[in-house]
Amino acid sequence: MDEILKEFLIESYENLDRLDRDLVTLEKEPHDKDTLASVFRTIHTLKGSSGFLGLTQLEAVAHVGENLLSKMRDGQLVINPEIASALLATVDAVRGMLSDVEATGQIADRDNSDLIATLVRLNDTPLAGKGPGTKSRTEEHSAVSPQSKAAAEDRAPAGSPEQVAEQRKTTESPSGTAPLPTAAPAPTERAKSVPEPAKNPASAAEPSEARNHSASESSIRVDVGLLDKLMNLVGELVLARNQVLQFTSQSTDSAFTATSQRLNLITTELQGSVMKTRMQPIGNIWGKLPRVVRDLSASCGKEVRLEMEGQETELDKTIIEAIKDPLTHIVRNSVDHGIESPEIREQRGKPTEGCLKMRAYHEGGQVNIEISDDGGGVDVERVKQKAVLRGLITNEQAARMSDHEALHIIFMPGFSTAETITNVSGRGVGMDVVKTNIEKIGGTVDLQSQLGQGATLKIKIPLTLAIIPALIVTSGGDRFAIPQVSLLELVRLESGNSKNLIECIHGTPVYRLRGQLLPLVCLNRELKLTGEQGPGKSPFDGEIVSIVVLQADGHPFGLVVDEINDTEEIVVKPLGKQLKGVACFAGATIMGDGRVALILDVIGLAQGASVVTELRERSSLLENTSQPKKVRDNRQTLLLFSVSEGSRMAIPLSMVARLEEFPLSSIEHSGGQQVVRYRGQILPLVHVSDYLPNNGAPEAAIQDPLPVVVYTEQGRSIGLVVGRINDIVSETITVKRHSFGNGILGSVVIQGAVTDLLDVQAVIRAADPSFYPAKLSPSIAA
Amino acid sequence: MTESRQFATFLLNNLFFGVEVLKVQEVIRYQQMTRVPIAPPMIRGLINLRGQIITAIDLRRRFEFPDRPGDRLPMNVVIRTDDGAVSLLVDEIGDVLEVEKDGYEAVPETLTGVGRDLIRGVYKLPDRLLLILDTERAVSLPNGFNRPASLN
């Protein structure tokens with residue numbers, strides 16, 4: 001195909017995508033000059049290019065559209081739904097003509113006279129938009145503007161007129177002023193070459209810069225095939241680098257060693273960057289949805305607001321492409337079936353405007369996409385009836401089904417709850433296609449619904465190829481990556497007392513993490529690795545026990561590993577089909593040194609170790625008995641400190657957020673109080689000794705640095721200045737003497753000496769009455 | 001039967017095997033592997049092949065032959081499958097042979113067990129027999145191998 005024509009098509013498709021978005025934005029914010037200017041420029045460019053290429057029909061449509069827009073730009077017209085619809089129809093007509101050009105090299109005989117007539121009519125009714133209708137429209141817009149603004153700001157500009165002009169200039173010069181190509185080249189070649197890049201508008205465009213389309217200046221369009229090739233080449237480079245490094249280890253030439261170290265670093269960085277080129281924010285495909293929602297809600301007579309969250313969540317290009325259509329399907333479904341008409345919503349006491357929320361985020365090593373609406377939800381009984389009626393299930397099956405199972409009928413082929421078949425949905429194809437498509441890329445779809453409250457569709461896509469931060473651990477001599485999303489914290493037990501800290505319930509090891517029992521899973525045992533410790537030897541015999549506290553399905557458990565190394569950004573690669581049966585692994589990754597490391601599937605691992613089911617029982621048990629741990633568990637980990645010379649005080653370690661030391665020079669004063677700057681916040685300091693009865697003991701000398709116990713409650717922190725921090729002990733404590741009201745909760749015997757339990761909350765309340773919100777949290781367990 | 005008559009050959013437990021040359025992506029020396037715990041024993045590990053992670057299947061274990069002596073490092077025959085590239089670990093690499101179509105014969109009925117599953121047919125060479133490997137089956141887990149952990 002003619003180079004110029006090809007360029008024109010690619011450009012125009014991108015521009016049209018942006019037009020869709022801009023027009024929807026403009027309808028919500030009619031006075032947004034920037035967006036209007038952008039729309040105008042785009043149409044103008046299109047008109048110019050099509051005229052230049054001799055596409056007269058296209059030019060004619062673009063021309064009337066431009067006329068209308070220029071009146072709007074001059075303030076003679078204000079956009080209203082009718083104008084917006086007409087302009088969007090123009091976009092569709094142009095798109096249709098472009099696809100003709102793409103397929104056959106020329107525009108098929110299309111009748112655009114209706115459209116042109118409409119545009120001309122709208123153009124000839126000046127100030128039509130100034131009527132009362134627009135006013136209410138404007139008011140409405142101001143009510144929703146924060147969302148729409150946010151939505152608009154997240155849209156990536158696909159290309160700018162400058163760029164268009166630039167590119168036309170370059171293509172123009174070599175081939176001269178070639179008009180429309182008369183001889184149509186082989187259609188197959190065209191079909192292959194053109195749509196590919198056209199589908200991936202400005203892949204590198206950052207979604208942050210909103211209305212000034214400067215992103216296009218800092219990004220270029222690259223063929224995906226080229227990226228794949230780059231990726232492979234980088235792989236080769238990594239191998240070569242590894243070999244060089246092996247020579248380095250035998251070499252004594254320091255210059256050579258330094259150079260190869262540099263090569264090492266650069267290669268690693270290059271590898272990471274090339275991998276990232278394939279990642280795209282999900283916002284790229286969400287950009288189309290506002291238009292879909294707008295058109296659909298207009299045609300269904302509904303009011304729907306679209307909210308998006310997490311547009312920046314990155315997915316591999318191939319996955320992005322694969323979920324594009326399913327997402328559109330789901331959104332259409334939600335608007336058509338989910339959200340009720342304004343009248344019904346009013347009856348049900350909901351705001352007339354329905355809300356459709358889309359959320360994307362990384363979790364558990366997967367990308368989650370949630371689409372929720374506040375509509376009518378799914379009527380499970382009706383779904384069952386329909387399914388029986390359509391012969392998808394039998395009556396008995398329907399009776400046996402749980403609600404959750406019944407919801408999944410929606411994903412069966414041939415199912416539809418719509419009473420009438422509209423042009424939108426009701427044909428009984430759709431959700432099953434959605435499910436198949438998502439499952440094809442290894443994802444899952446789940447539906448949750450509350451009748452009358454709305455429905456939430458959750459899509460989980462495996463992180464195949466996604467770059468995720470992961471914790472690298474070593475166990476049994478091998479490295480494993482643990483997705484950071486399931487990571488809660490790291491615990492390191494040192495110097496042989498680990499044996500005492502880890503207790504066993506009938507052979508099952510547990511650890512008390514701030515008073516809660518944390519079941520331990522030993523990675524070596526789970527994966528049947530024979531590492532440094534021989535078989536039969538307990539993994540807890542070592543000097544140091546490293547526990548990675550993970551979360552599976554909301555249940556924490558501790559994974560005991562030999563060594564915790566580092567966190568790294570890893571690129572997830574799928575495992576071959578031979579390894580699909582091994583639930584413990586989510587994939588593999590290539591480490592910086594070129595070696596392969598397996599990625600642990602935390603959920604699979606937890607299930608393999610029966611953590612999940614056991615925990616479920618445990619937590620339900622906990623829920624049944626109120627306030628369980630205070631009564632049952634007297635063993636506590638306590639922080640021992642002294643306030644004045646010779647005093648012994650303790651607080652439960654679970655109340656301590658952090659222990660810090662501040663040099664005296666860092667202390668500042670604010671509002672008559674001592675404060676320090678701490679982690680970007682101002683931390684007020686409270687001298688514990690000021691709030692305790694003076695028993696005549698001499699004050700401890702002021703230490704420098706000042707030992708401070710940081711206490712955090714509901715996001716607010718306070719620093720308790722103590723005399724000296726002595727020790728952390730784990731003891732079974734029984735309160736020997738209760739005393740109240742003077743900042744001391746009671747006395748206990750710890751390590752054979754009487755120790756006072758500090759009433760932290762009383763002290764803080766005395767120091768800063770406003771620290772606690774009105775409702776006081778429960779007092780210290782003692 | 002077989003369209004292609006060029007075979008990449010290799011030795012496995014002193015048997016002479018052939019794989020259609022078009023299915024072979026490359027042949028490489030022994031590579032460092034990352035073992036996969038609790039995986040089926042025939043999976044020896046994962047190899048980083050220029051940024052692609054490839055499963056290495058020990059053909060000896062797949063054929064239920066004894067493991068090769070510890071001092072002998074296997075070679076990798078990387079083959080293309082529907083599911084991406086897979087590496088077959090073999091003892092030694094032979095030449096690419098062009099064989100006459102006439103020399104082909106199906107495996108005798110007396111061959112049973114794994115051999116019957118994995119050997120598609122035989123070419124009668126002047127001095128020896130060339131066993132044609134069914135690569136798709138060779139890279140699949142043996143039948144009934146759904147619970148890999150139970151074998152460990």
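How many helices and how many strands does the secondary structure of chain B come to? The answer is three helices and 11 strands, where helices (H or I, at least four residues) and strands (E, at least two) are DSSP runs numbered from the N terminus.

Before I continue, a word on conventions. This is a predicted model, in which local features need pLDDT of at least 70 and side-chain atom pairs count only at pLDDT 80 or more, while totals for chains, interfaces and linings use all residues. Residues are numbered from 1 along each chain as its sequence is written, and chains are lettered from A and ligands numbered from 1 in the order in which they are written.

Let me stay with chain B. From the N terminus, its elements follow the order β-β-β-β-β-α-β-β-β-β-α-β-β-α. Of its 152 residues, 36% are buried. A residue is called buried if 20 or more other C-beta atoms lie within 10 Å of its own, exposed if 12 or fewer, and partly exposed in between, with C-beta atoms placed from the backbone. Among the contacts of chain B between residues at least 6 apart in sequence, 55% join residues at least 24 apart.

Two backbone details in chain B deserve mention. Most residues other than glycine have a negative phi. Asn14(B), which is not a glycine, has a positive phi of about 65°. Asn14(B) sits in the loop between strand S1 (6–12) and strand S2 (15–20) of chain B, and is exposed, with 8 other C-beta atoms within 10 Å. Ile38(B) also has a positive phi, near 50°. The loop that holds Ile38(B) runs between strand S3 (24–28) and strand S4 (43–49) of chain B. Is Ile38(B) buried, exposed or partly exposed? Ile38(B) is partly exposed, with 19 other C-beta atoms within 10 Å.

I turn now to chain A, which has 25 helices and 30 strands. Buried residues account for 36% of its 782 residues. For contacts in chain A between residues at least 6 apart in sequence, 68% join residues at least 24 apart.

Consider next individual helices of chain A. The expected span is 1.5 Å times one less than the number of residues. Buried residues of H2(A) include Leu36(A), Val39(A), Ile43(A), Leu46(A) and Lys47(A). Just after H2(A), Gly54(A) takes a positive phi of about 80°.

Helix H4 (residues 81–104) of chain A has 24 residues and reaches 34 Å from its first C-alpha to its last, close to the 34 Å expected. Among its buried residues are Ile83(A), Leu87(A), Val91(A), Val94(A), Leu98(A) and Glu102(A).

Axes are lines fitted to C-alpha atoms, for helices over the stretch in contact, and angles run from 0 to 180 degrees between N-to-C directions. The axes of helix H1 (residues 3–28) of chain A and H4(A) come within 10 Å and cross at roughly 170°. H1(A) and H4(A) are therefore roughly antiparallel, the class for angles over 145 degrees, as against under 35 for roughly parallel, 65 to 115 for roughly perpendicular and the rest for oblique. The residues making this contact include Leu9(A), Leu16(A) and Leu23(A) of H1(A), and Leu87(A), Val91(A) and Leu98(A) of H4(A).

Helix H3 (residues 56–73) of chain A and helix H5 (residues 113–123) of chain A pack at about 20°, their axes 9 Å apart. H3(A) is thus roughly parallel to H5(A). Among the residues in this contact are Val61(A), Val64(A) and Leu68(A) of H3(A), with Ile116(A), Leu119(A) and Val120(A) of H5(A).

Finally, the interface: 26 residues of chain A are in contact with 25 residues of chain B. Helix H10 (224–250), strand S17 (585–590) and strand S18 (596–600) of chain A each supply at least two residues of the side of chain A that touches chain B. The largest share, seven residues, comes from H10(A).

How values were computed. Contact = placed C-beta atoms within 7 Å.
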